[in-house]
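Hi there,

Here is the structure I promised to pass on. Have a look at it first, and then read my notes below.

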Amino acid sequence: MLFSASYAYAYYYYDNSFYFISRQLFFAVAGVAAMFIASFVDYHIFQRFALPLMGVSIFLLIVVLFLPAQSGVRRWIDIFDVFSIQPSEIAKFAVVVLFSHMISTNYKRIKSFKYGILPFGVVLAIICGLLVLEPHLSGTILILLLGAIVMLVGGVDLKWFVLAGAAALVAVGIAILIPGVIPYAQSRLTYWLDPFSDPLGSGFQTIQSLYAIGSGGLLGVGIGNSRQKYLYLPEVQNDFVFAIVGEELGFVGATIIILMFALLIWRGFVIAGRAKDRFGMLLAVGLTSQVGLQAFLNIAVVTNTIPNTGISLPFFSYGGTALMMLLGEMGVVLSVSRQSAVIKE
């Protein structure tokens, strides 16, 4: 699907129809190897490296702010002009590992503010603050949700979530009602509600995405036969690949893919429920939730269910760092599964 969605754009801008898929295949092979290796490594090793991993993540998020902007944002670190690293992808994994470690270590005191809220709040404030500076709204939202899920499953007192939710609603209300507070977010909200108010500008991408999905009908126009990928729909290889999925595979094909994501998430939670300790359970919950949240948010954006946040579709969208990290994380979930506490019959 990535090749089908990207070859026209790749040929036009890079004079090579295989530009995106050849690079993605390299990272896919490396990612599958990482997944295989990680599945045989004792996942408890990540407890020892939880803090160093977070330190590296924060360092990379700071470094990226001093690099030249790409498309108006600073999200990638180019390595010898060969490939790029996206620090936010590493940060997602680092947050899940560190939060799982802190909760499993301080579980008996997790209901208190000192151990159940303060350290997590400090970490999230630093990570999300750096992401906002990029700016990377989708990454900020995803990491906040990931942290909240791990904390909730880990046993943090519900009253703190109620207070945080109330504060978030107030902040969002201020941002929406007071012009100029967050112009970037306000613009996204405006063109989400009415993309046709600026059909050739800010609403263009959403409109073309809806055209693609609508054109697919029940069974789709067939693999390779999309019309919107011929430079009508921007970012077909990244955030909007699912629109081409909907156009070429139709409602039936898109539904099957959604069900595949649902089965993967269900299986991840089953593995979490059978983990032999709390750290493994939280790791499996956090890493599985990341896939679920990204898939949900991406499909919701592509269908204009929520404002455009610029989030990729797991395993489908172009992006080497994201693919390798996701496959490696699935290897960690498999490691938890291998060491399951369930007695085999």
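The largest nonpolar core has 74 residues, and the members that touch the most others are Phe-99, Ile-127, Ile-143, Phe-242 and Leu-313. Before going further: this is a predicted model. Which elements give two or more residues to the core? They are α4 (50-63), α5 (87-105), α7, α8, α12, α13 and α14 (320-338). The largest share comes from α13, with 14 residues. As background, nonpolar side chains in soluble globular proteins tend to be buried together.

Apart from its neighbours within four places in sequence, Phe-99 is in contact with Phe-120, Val-123, Leu-124, Gly-147, Val-150 and Met-151.

Helix α13 deserves a look of its own. How many of its 25 residues are buried? The count is 23, so α13 is mostly covered by the under 20% cut-off for relative accessible area. The helix covers residues 278-302, and at 1.5 Å a residue it should span 36 Å; the C-alpha atoms at its ends are 36 Å apart, which agrees. After α13 comes Asn-304, with a positive phi near 60°.

Next, the aromatic rings. A search of the whole structure turns up 16 aromatic pairs. One of them is Phe-3 with Phe-18, a stacked pair with 5.2 Å from centre to centre and 15° between the planes. Why does this pair tie together separate parts? Phe-3 lies in helix α1 (residues 2-14) while Phe-18 lies in the loop between α1 and α2 (19-40), so the pair links parts that are 15 residues apart in sequence. Phe-3 is partly exposed, at a relative accessible area of 31%.

Compare that with Tyr-12 and Tyr-13: their ring centres are 4.9 Å apart and their planes are at 80°, so this pair is edge-to-face. Tyr-12 counts as exposed, at 57% relative accessibility. Both tyrosines also belong to a cluster, in which ring pairs link Tyr-9, Tyr-12, Tyr-13, Tyr-14, Tyr-19, Phe-20 and Tyr-318.

Arg-109 has its charged end over the ring of Tyr-115, 4.0 Å from the ring centre. Arg-338 does this with Phe-40, where the distance to the ring centre is 3.9 Å.

Is Ser-226 buried or exposed? Ser-226 is buried, with a relative accessible area of 1%, and sits in the loop between α11 and α12. Its side chain is joined to that of Glu-247 by a polar contact of 2.6 Å. Not counting residues up to four places away in sequence, Ser-226 touches Val-221, Ile-244, Glu-247 and Glu-248.

Glu-248 is part of helix α12 and also counts as buried, at 1% relative accessibility. What does the side chain of Glu-248 make a polar contact with? The partner is the side chain of Lys-229, at 3.1 Å.

Finally, some backbone details to check by eye:

- The peptide bond from Glu-134 to Pro-135 is cis, with omega near -10°. Pro-135 is in the loop between α7 (118-133) and α8 (137-154).
- Asp-15 is not a glycine, but its phi is positive, near 55°. This residue is in the loop between α1 and α2 and counts as exposed at 60% relative accessibility.
- Glu-235 is another residue other than glycine with a positive phi, near 60°. Its place is the loop between α11 (204-216) and α12 (241-273), and at 31% relative accessibility Glu-235 counts as partly exposed.

That's the tour. Happy browsing!

Notes:
Residues numbered from 1 in each chain as written. Predicted model: local features only at pLDDT ≥ 70, side-chain atom pairs only at ≥ 80, totals over all residues. Heavy atoms only, no water. Phe/Tyr/Trp six-rings, centres within 6.5 Å; stacked < 30°, edge-to-face > 60°. Helix = DSSP H or I, 4+ residues; strand = E, 2+ residues; numbered from the N terminus. Buried < 20%, exposed > 50% of the residue type's maximum accessible area, 1.4 Å probe, protein only. Lys NZ or Arg CZ within 6 Å of the ring centre and 35° of its normal. Expected span 1.5 Å × (residues − 1). Core = buried A, V, L, I, M, F, W, Y, C linked by side-chain atoms within 4.5 Å. Contact = heavy atoms within 4.5 Å. Polar contact = N/O pair within 3.5 Å; in protein donor to acceptor, adjacent residues only side chain to side chain.
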